[in-house]
Amino acid sequence: MEKLLKIAESKGCRAEVYSLREKSVGMSKVNGAVSEVSASIQYGVSLRIIKDGKLGFAYTKNLIDREQLVENALASLKAGVDADYDFPASGSVNFTEDYHGEVESMSFPEMRKSVEQVEELYSGMKQGVLEVGAGCGTSETRIINTSGADLRQKDSSVYASGMMIYPGTSSGIRNIFYSSSSVSPFAPDAERAVDFFNSSLPEVEIGDSRMKVMFAPDSMYALTWRLGVATSAKAFYEKVSPLLNKRDQQIVSSRLSFISDPASDTTGRRVFDDEGVKTQRLPVVENGIFKAVYNNLDYASKTGEKPVGTGFRGGMWGGDRISMTPAPSLSHANFAYGDKSFQEMLAMIDRGVIIYGALGAHSGNILNGDLSIGLNPGLYVENGRVTGRVKDAMMAGNIYEMLSKVIAVESAAHYTDSMFTNPAILLDDISVVGS
Amino acid sequence: MLEKLKKMISAADADYIDIRYEEKKTTTVSMAGRELKKAGSNSTDGFVVRALKDGGFSSVTVTREEDVPEAVKLAVQGASAMAGGGKNVVLAEVEPVQGYYEPELRGDPADVSLEDKIALLKKYNFIMLDQPEIANTNMVYSEVDREKFFVSSEGTSIRERVCTVSIAGEVVAGRSGVTQNVRAAVGGANGMADLLDRDDVFLKRAQIARQLLDAEPVKGGTYDVVINPSLTGVFIHEAFGHFSEADIIEDNPPLRAKMAMDSKIGSDVVTIVADTLIPNQVGYYKYDDEGVPVKTVPLMVNGVLKGRLHSRRTAAEFGEPVTGHCVAQDHGYEPIVRMGTIYLKKGEISLEDLLKQLGDGLYLCDGKGGQTSGENFTFGAQYGYIVKGGKIQEMIRDINIMGNLFTTMKNIEAMDDHMVLSERGGCGKGQMNIKSGYGGPSVLIRSMVVGGV
């Protein structure tokens, strides 16, 4: 990496070298039979250069020909992409607190044992398909740049998951358990999931009406996605955000705070972002008031604000971090806890649905905050009890209007498939369209 | 390379093993509004090893050649770990193939300079930005050129190149703090010719985005609808196509029972074909990523289920013919069952007559993404119109449709005589497939649940 940096510097460039090595192993089981075993060892290096105020970029999965990689980056300068910033002088960091060496040596038999432990938690499900999985991995990230930064982070992760699928469908209720060392599935979450699953086996037709709607942690990403797009420095720079003139104004219920805090993220802490900027706690929305936009070096420069350590590689659904340039990202942002337990929130629902899965969350006018999703599943609740799951139903609205109707926020957060850890939130008077 | 790959797997202690090496060259140019955000070409490569041992089956991906021996070892260990406690995997028998495929491109993108590609993207981008009330664009020129080398312990040896190009993104119209966006895309697997002289496409998309500023949100409810070819493609892909992928239903006995061969799933007018071999389409390929030549598969004929898409593993599991539909995103992924080109067969009446048959309802246009979960699906329409007495009236927006596959397929009443296939793919199923082509005619469907805002 140092050689690569020197070659780039010798061509008159400011430069940044980003490297990533990831190793992962996973196993899954369906209805008691092991269905998949896979592993991956991925390596890559990407190079960003700045010369005469223009940005160049190149990457490779095999760093064999360093000169060629620099030439590729130099060739991309022709595009004339502006870069009115320099790579940060972030000093030297070697963060290994979330790395546990024993994860490297986890064997397939150990993984199989872990899968079987998770399987046991769901033994009470009455019908349907049970999918369980377990896996582990390690990753090593290093960033060096011509401003003297040398930042290293090494992590390990272990996960286990269980998903109960309704008979004849692909929708169900899922639990994810995560740790940086050895995972211990949280039995109460699984027990509640089994109870809800069994209670929601009957399908219910609800017609069209307004009712209470709870977003379970698994479906919260449909909301945070829209909030994230609107609060990005990119949307502000392009003057297309619906929140353009609403900083320091109330935009959602005062019960809600939406905070980016990569250094505290329980699904993968980050003490520096993918551009080498130190991460920080950034309240994007605090007590319902829109407080801050998030950026990367590029959009910080363009909007005249300070970088806030939210320049990450990877899109909404992950992606190949080596081949992507850092962009403003809320990949480590979550809603803050509230003051009601899940059971207390459930008791507040006279008639309503709990959305455990959002079908089609990627369609609709995301920038505007419009949301129109299939409830997949949507658990039907009457008088505080789950009595079924709704058939062919959609929920529609605009998130700013919807999130002004928050009547409770859960006092705990849960891991989800999308790797966000959110509490459930309960909304009042939401339009639900059913068959 | 093929000889090198053979050596890499020759000593593996497995009942079956294959290895795929792939070099992937990408050129990306992106613009946000009037600014160029990214431009350049890069090349990556990697290996995917799959092993079968004692009925266990495992896969490993690596990027460095020096890691291949460990990948072979891990794949065999993984297969052994699965054996005895999992599915007893069998791969359907196929004849070994010695294959080579190089597409005949109308203008190889490799021969076009980066500067010319930037100029082309800028041209279309500015056509849109120069229209009234267009607030922003996010547009990307994308070129993916994959050279794949596949070797198996059964003697199959294939080299295949697949190359796709596209210019795609969104155009955003804005007025008084309200924005509306529509997607714009041209492309294909036929070379640069797919991208040239397409000014009219981008101009029209900008005009639609602007018109949406005056459109009303659709009121949620149940409607009779006509969906246009773009939306039909998304519908057929999302609602039915994924359901015809064997791996989606294999572990779900009730779904397998519902999707049994010769079941009457749709109305009499519905015929759906997976035809990856239609020339010049974005979905075209000759061999899949486990070395099987792809076949045309009639999936549904007059509403009756007649075929299914398979990998070798699922073909054996279902006792059905192999179809050559086991495809990976790239060298970072093991192959899974995917669609190539899938379409709904057209009918014999005009669009005008189809709308008359609709009477009162909605005419919905252009897909805006979709998702399926078992028999339930949802997809968005970029815009639409209210139809009264068969006549198109005012424009509507914020349209999402949800339905149940089995109910909806039986509610398909008619289709018009004009079929259109998509120019660009992009389907996520744990990994991306940019070669998922789809299409069909305009289709009349009764009683669709439409969610408004």
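The exercises below, each with a worked solution, concern a predicted model.

**Exercise 1. Helix α1 of chain A**

Determine which residues of helix α1 (residues 2–10) of chain A are buried, and explain why they lie on the same side of α1(A).

Solution. 
- Step 1. A residue counts as buried if 20 or more other C-beta atoms lie within 10 Å of its own. In α1(A), the buried residues are A:Leu4, A:Leu5 and A:Ala8.
- Step 2. These residues span an arc of only 100° around the axis, so they fall on the same side of α1(A).
- Step 3. In general, an α-helix has 3.6 residues a turn, so residues three or four places apart point the same way.
- Step 4. The other side of α1(A) carries the exposed residues A:Glu2, A:Lys3 and A:Ser10.
- Step 5. Packing against the buried residues of α1(A) are β1 (14–30), β2, α2 and β5 (129–145) of chain A.
- Step 6. After α1(A) comes A:Gly12, with a positive phi near 80°.

**Exercise 2. A four-stranded sheet**

Give the strand order of the open sheet of four strands in chain A, and state which strands stand at its edges.

Solution. 
- Step 1. The order is β12-β11-β10-β15 (chain A), with antiparallel pairing.
- Step 2. β12 (289–290) and β15 (333–335) of chain A each have a single partner strand, so one side of each lacks a neighbour in the sheet; these are the edges.
- Step 3. Within the sheet, β10 (residues 258–260) and β11 (residues 282–286) of chain A are joined by three bridges in the antiparallel sense. A:Phe258 is placed opposite A:Val285 in β11(A).

**Exercise 3. The contact between chains A and B**

Describe the side of chain A that touches chain B by residue count, elements and class.

Solution. 
- Step 1. Chain A contributes 67 residues to the contact and chain B 74 residues.
- Step 2. Elements giving two or more residues on the chain A side include β2 (33–51), α2 (66–76) and α3 (108–121) of chain A. The largest share, eleven residues, is that of β2(A).
- Step 3. By class, this side has 26 nonpolar, 31 polar and ten charged residues.
- Step 4. β2(A) also runs parallel to strand β3 (residues 56–62) of chain B, with five bridges between them. There, A:Ser40 faces B:Thr61 in β3(B).

**Exercise 4. The largest nonpolar core**

Solution. 
- Step 1. The core has 270 residues; among those with the most contacts inside it are A:Leu47, A:Ile355 and B:Val49.
- Step 2. Helix α2 (residues 68–82) of chain B gives the most, nine residues.
- Step 3. Leaving out residues up to four places away in sequence, A:Ile355 touches residues including A:Met214, A:Leu375 and A:Met395.

Methods
Residues numbered from 1 in each chain as written. Chains lettered and ligands numbered in written order. Predicted model: local features only at pLDDT ≥ 70, side-chain atom pairs only at ≥ 80, totals over all residues. Pairing = 2+ DSSP bridges. Contact = placed C-beta atoms within 7 Å. Nonpolar A, V, L, I, M, F, W, Y, C, P; charged D, E, K, R; others polar. Core = buried A, V, L, I, M, F, W, Y, C linked by C-beta atoms within 7 Å. Buried ≥ 20, exposed ≤ 12 C-beta atoms within 10 Å, placed from the backbone. Arc of directions from axis to C-beta.
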